[in-house]
Amino acid sequence: MLPIQLVETERDDFDGPIVEMWRGQEFVGMVFHDGETTVVQIYPDADGDVHDLDVRELQLRLDTAIRMVDPDGLDDDLAELRQAAQDQQWDDEHPATKELLAEFDEQIVHRTEDGEGFFDRSTAEQFIRRCEELDLAVVEMDAFSFVAGTLSEKPDQSLAVTPQTMMTWSEFRSYANATASQTLSGWPRDEALAVAFVFQQPDAEMIVA
């Protein structure tokens with residue numbers, strides 16, 4: 001399943017920014033603020049069928065989209081509930097994940113209210129290397145531009161590594177991390193670059209950094 005990408009756009013007949021959601025070349029839907037609330041519209045796929053969307057990924061993308069169309073749109077109580085849920089899960093986290101997140105927590109350039117972190121290029125390179133050392137695999141990587149406190153996703157700069165059933169875990173981990181490293185090195189140099197990661201544990205659980 002391709003990751004959902006966000007593209008901020010404007011329309012002459014619409015007051016305010018619109019965030020479109022794309023999966024590859026396929027339009028999924030859009031998010032906008034109608035003056036009273038933030039609205040999400042999901043459209044049928046090219047064949048008129050429904051889109052199958054990963055709930056966790058969709059929630060992360062919607063939270064980002066809300067901030068893009070309405071920076072004050074996330075309710076403080078909701079953010080506190082999400083943080084409490086994350087804190088409750090922390091005790092059961094994989095030891096390598098605990099170590100990785102603790103090590104890089106202070107190195108983020110931005111963290112959303114639901115906990116997703118964004119890193120500059122240099123830190124992102126270190127993050128990938130550390131994943132390899134800790135037996136973790138970077139499986140998703142998305143580029144954003146972070147300017148004046150605002151995130152704008154770069155839809156042409158993303159990576160999703162597909163699990164390979166013929167590989168052992170160690171083979172897949174090294175393959176995924178090498179692919180992430182090569183992909184990052186090929187992205188244009190941009191001082192405003194902010195990179196978001198999803199990594200996988202040996203037990204196959206995926207974690208948003």
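The model is predicted, so local features are reported only at pLDDT of at least 70 and side-chain atom pairs only at pLDDT 80 or more, while totals for chains, interfaces and linings use all residues. Residues are numbered from 1 along each chain as its sequence is written, and side-chain values use heavy atoms, with hydrogens and water left out.

The chain holds 5 helices and 10 strands. Helices (H or I, at least four residues) and strands (E, at least two) are DSSP runs, numbered from the N terminus. The chain has 209 residues, and 44% of them count as buried. Buried means under 20% relative accessible area, exposed means over 50%, and partly exposed lies in between (1.4 Å probe, protein chains only). Contact means heavy atoms within 4.5 Å. Among contacts between residues at least 6 apart in sequence, 57% join residues at least 24 apart.

Two helix pairs were examined. Axes are lines fitted to C-alpha atoms, for helices over the stretch in contact, and angles run from 0 to 180 degrees between N-to-C directions. Helix α3 spans residues 95-104, and helix α4 spans residues 121-133. Their axes come within 11 Å and cross at roughly 160°. That angle makes α3 roughly antiparallel to α4. Angles over 145 degrees count as roughly antiparallel, under 35 as roughly parallel, 65 to 115 as roughly perpendicular, and the rest as oblique. The crossing of α3 and α4 is right-handed. A crossing is right-handed if the near helix is turned clockwise from the far one by less than a right angle, and left-handed if anticlockwise. From α3, the residues E99, L100, E103 and F104 take part; they meet T123, Q126, F127, R130 and C131 of α4. By class, this contact of α3 with α4 has 4 nonpolar, 2 polar and 3 charged residues. Ala, Val, Leu, Ile, Met, Phe, Trp, Tyr, Cys and Pro count as nonpolar, Asp, Glu, Lys and Arg as charged, and the others, Gly among them, as polar.

Helix α4 also packs against helix α5, residues 169-186. Here the axes come within 9 Å and cross at roughly 170°. The two helices, α4 and α5, are therefore roughly antiparallel to each other. On the α4 side, the contact is made by R121, A124, E125, I128, C131 and E132. On the α5 side, it is made by R173, S174, N177, A180, S181, L184 and S185. The contact of α4 with α5 has 5 nonpolar, 4 polar and 4 charged residues. Q182 is also found in α5. This residue counts as exposed because its relative accessibility is 58%. The C-alpha atoms of Q182 and E125 are separated by 9.9 Å, although the two residues are 57 apart along the chain.

Two buried residues come next. H51 lies in the loop between β4 (38-42) and α1 (55-69). H51 counts as buried because its relative accessibility is 14%. Its side chain reaches the backbone oxygen of Y43 at 3.1 Å. Leaving out residues up to four places away in sequence, H51 touches R23, E26, F27, V28, I42, Y43, P44 and D45. T64 sits in helix α1. T64 is buried, with a relative accessible area of 3%. Beyond its neighbours within four places in sequence, T64 is in contact with L6, E116 and F144.

Other residues are partly exposed. V109 lies in the loop between α3 and β5 (110-111). At 35% relative accessibility, V109 counts as partly exposed. V109 and V195 are 86 residues apart along the chain, with their C-alpha atoms separated by 9.3 Å. Not counting residues up to four places away in sequence, V109 touches F118, F119, D120, F146 and A194. T9 lies in strand β1, residues 5-9. It counts as partly exposed at 23% relative accessibility. With the same exclusion of residues up to four places away in sequence, T9 touches P17, I18 and E20.

Backbone angles complete the account. Most residues other than glycine have a negative phi. D135, in the loop between α4 and β7 (137-147), has a positive phi near 65°. A204 is not a glycine either, and its phi is positive at about 85°. A204 lies in the loop between β9 (193-200) and β10 (206-208).

Methods: Polar contact = N/O pair within 3.5 Å; in protein donor to acceptor, adjacent residues only side chain to side chain.
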